[in-house]
Amino acid sequence: MIASKVIVRSFSSSSIIQQLVKPPIQLFGLEGRYATALFSAGSKQKTLDTIEQDLDKLQGLLKTDAKLAEFVKDPTIKRKNKVEALKAIGNKITLNPATSNLLTLLAENGRLNKFNQVFNSFKIIMAANRGEVVCEVITAKTLDADTKGKLESALKSFLKKGETIKLTSKVDPSIIGGMIVSIGDKYVDMSVASKIKKYSDIIQTAV
């Protein structure tokens with residue numbers, strides 16, 4: 001909690017922010033703490049939508065600009081140089097101050113490699129704030145429309161009154177079959193690959 005308050009104070013140039021605004025969903029781990037602090041700062045400044053757009057923009061840049069992505073990942077570049085470069089980028093593409101401060105903090109703490117995880121955590125909080133429940137389904141093959149529709153209907157049974165589901169699907173042939181489902185902060189691995197590993201571990205232990 002202390003670390004989160006430090007992050008929030010860094011996001012604000014005034015003494016208005018005294019405590020964290022509680023997010024609609026609690027996330028854990030380093031990414032969760034950064035995302036929660038960012039949500040708190042954005043809530044206080046009423047700039048949550050702008051911050052989300054900024055993060056979308058940055059994520060897009062990291063996917064399309066190979067040099068920028070390499071710069072962010074390169075551990076040999078001094079943190080101070082990364083901070084200065086990211087501030088310049090923030091000014092160039094007109095980022096919200098809270099977004100720029102997040103990048104600065106990640107750079108100063110050597111956590112830039114966690115940007116995508118922080119952003120994904122922030123998206124989960126924002127979705128919950130809108131009454132949406134983010135659900136990701138990973139399968140070995142692309143789901144057809146009928147199967148996807150039935151799956152979405154089944155997942156809706158987990159929702160509370162007033163919530164809507166935001167379903168995304170990804171393909172990962174390495175899971176072989178079955179599926180991996182994450183809904184909100186819950187995660188279920190029903191893949192064939194996980195079952196094979198489980199049985200392999202049992203056999204090796206028995207031997």
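User: Which residues in α3 meet residues in α4?

Analyst: Leu-61, Leu-62 and Thr-64 are the ones in α3. On the α4 side they meet Ala-66, Leu-68, Ala-69 and Val-72. Keep in mind that this is a predicted model.

User: How many residues of that contact of α3 with α4 are nonpolar, polar or charged?

Analyst: Six are nonpolar, one is polar and no charged residue takes part in the contact of α3 with α4.

User: What describes two packed helices?

Analyst: Two values are used: the angle between the helix axes and the distance between those axes. Now apply that to this pair. The axes of α3 and helix α4 (residues 66-73) come within 5 Å, and they cross at roughly 100°. Angles from 65 to 115 degrees count as roughly perpendicular. So α3 is roughly perpendicular to α4.

User: Let me try another pair. At what angle do the axes of α2 and α3 cross?

Analyst: Helix α2 (residues 29-45) and α3 cross at roughly 135°, with axes that come within 8 Å. That angle makes α2 oblique to α3. From α2, the contact uses Leu-38, Phe-39, Gly-42 and Ser-43. From α3, it uses Leu-48, Ile-51 and Leu-55. Sorted by class, the contact of α2 with α3 has five nonpolar residues, two polar ones and none that are charged.

User: And how do the axes of α3 and α6 cross?

Analyst: Helix α3 (residues 48-64) and helix α6 (residues 97-108) cross at roughly 50°, and their axes come within 9 Å. These two helices are therefore oblique to each other. The crossing of α3 and α6 is right-handed. On α3, look for Ile-51, Asp-54, Leu-55 and Leu-58. On α6, look for Ala-98, Thr-99, Leu-102 and Leu-103. The residues of this contact of α3 with α6 are six nonpolar, one polar and one charged.

User: Let's step back. How many helices and strands does the chain have?

Analyst: There are nine helices and four strands. Read the order from the N terminus: α-α-α-α-α-α-α-β-α-β-β-β-α.

User: What share of the residues is buried?

Analyst: Of the chain's 207 residues, 37% count as buried. The chain exposes about 12,800 Å², and 55% of that comes from carbon and sulfur atoms. Among contacts in the chain with a separation of 6 or more, 67% link residues 24 or more positions apart.

User: Now single residues. Is Asn-96 buried or exposed?

Analyst: The cut-off for buried is under 20% relative accessible area. Asn-96 has 11%, so Asn-96 is buried. Asn-96 is found in the loop between α5 (79-92) and α6. Set aside its neighbours within four places in sequence, and Asn-96 is in contact with Gln-45, Thr-47, Thr-50, Ile-51 and Asp-54.

User: Where is Thr-104 placed?

Analyst: Thr-104 sits in helix α6. Thr-104 is buried too, with a relative accessible area of 10%. Beyond neighbours within four places in sequence, Thr-104 is in contact with Val-83 and Lys-87.

User: Give me a contrast. Does Ile-176 count as buried or exposed?

Analyst: Exposed means over 50% relative accessible area. Ile-176 is at 52% relative accessibility, so Ile-176 counts as exposed. Find it in the loop between β2 (164-171) and β3 (178-183). Ile-176 still touches Ala-140, Val-192, Ala-193 and Ile-196, not counting residues up to four places away in sequence. One of these, Ala-193, is 17 residues from Ile-176 along the chain, and their C-alpha atoms are separated by 5.9 Å.

Conventions:
Residues numbered from 1 in each chain as written. Predicted model: local features only at pLDDT ≥ 70, side-chain atom pairs only at ≥ 80, totals over all residues. Heavy atoms only, no water. Buried < 20%, exposed > 50% of the residue type's maximum accessible area, 1.4 Å probe, protein only. Contact = heavy atoms within 4.5 Å. Areas by Shrake-Rupley, 256 points an atom, 1.4 Å probe, with all protein chains shown as cover. Axes fitted to C-alpha atoms, helices over the stretch in contact; angles between N-to-C directions. Parallel < 35°, antiparallel > 145°, perpendicular 65-115°, else oblique. Left-handed = near helix turned anticlockwise from the far one by under 90°. Nonpolar A, V, L, I, M, F, W, Y, C, P; charged D, E, K, R; others polar.
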